[in-house]
Amino acid sequence: MAERRDQDSESRRIIERVANEGGLGATSLVSRVAKGARDHITPPGADQTDPIEVWGTRIGRTLGLIFALGLLIWLVYFVSRGS
């Protein structure tokens, strides 16, 4: 019986450690992805007192995202056509 309790407590300890290391406790996947996207578009390293640098970075990153999505759509269209 004591061995069973030891196994249960060890199992709980391992599960808690994995949950803490994995970051599963505090935020959901959707909120982490949304925060990552917002942080990518909003320039955290840019000088916040220079509006041209801030907006230039935002515009450049947004255009890059649109270009990448366009290439992805073209690739799917090209592959689905069978050529």
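W74 and F78 both belong to helix α3, which spans residues 51–81, and they are four residues apart, about one turn of the helix. In this predicted model, a search of the whole structure finds one aromatic pair. The ring centres of W74 and F78 lie 5.3 Å apart and their planes meet at 20°, so the pair is stacked. The cut-off behind that assignment is an angle of under 30 degrees between the planes. F78 is partly exposed, its relative accessible area being 31%.

V79, another residue of helix α3, is exposed, with a relative accessible area of 57%. A further aromatic residue, W55, has the charged end of R58 over its ring, 4.8 Å from the ring centre.

Charge pairing is the next topic. Side chains of opposite charge can pair when their charged atoms come close. The count here comes to one salt bridge. R13 forms a salt bridge with E10, and the closest N and O atoms are 2.6 Å apart. Both residues lie in helix α1 (residues 2–22); because R13 and E10 are three residues apart there, about one helical turn separates them. How exposed are the two partners, R13 and E10? R13 is partly exposed, at a relative accessible area of 42%, and E10 is likewise partly exposed, at 36%.

The accessibility values of individual residues are collected below.

| Residue | Relative accessible area | Class |
|---|---|---|
| E10 | 36% | partly exposed |
| R13 | 42% | partly exposed |
| F78 | 31% | partly exposed |
| V79 | 57% | exposed |

The chain as a whole can now be described. The protein chain has three helices and zero strands, and its pattern along the sequence is α-α-α. Of the 83 residues in the protein chain, 4% are buried; a residue counts as buried when its relative accessible area is under 20%. The accessible surface of the protein chain comes to about 7200 Å², and carbon and sulfur atoms account for 66% of that surface.

The mean pLDDT of the protein chain is 79, with 83% of its residues reaching 70 or more.

How values were computed
Residues numbered from 1 in each chain as written. Predicted model: local features only at pLDDT ≥ 70, side-chain atom pairs only at ≥ 80, totals over all residues. Heavy atoms only, no water. Helix = DSSP H or I, 4+ residues; strand = E, 2+ residues; numbered from the N terminus. Buried < 20%, exposed > 50% of the residue type's maximum accessible area, 1.4 Å probe, protein only. Areas by Shrake-Rupley, 256 points an atom, 1.4 Å probe, with all protein chains shown as cover. Phe/Tyr/Trp six-rings, centres within 6.5 Å; stacked < 30°, edge-to-face > 60°. Lys NZ or Arg CZ within 6 Å of the ring centre and 35° of its normal. pLDDT = per-residue confidence, 0-100. Salt bridge = Lys/Arg side-chain N within 4 Å of Asp/Glu carboxyl O.
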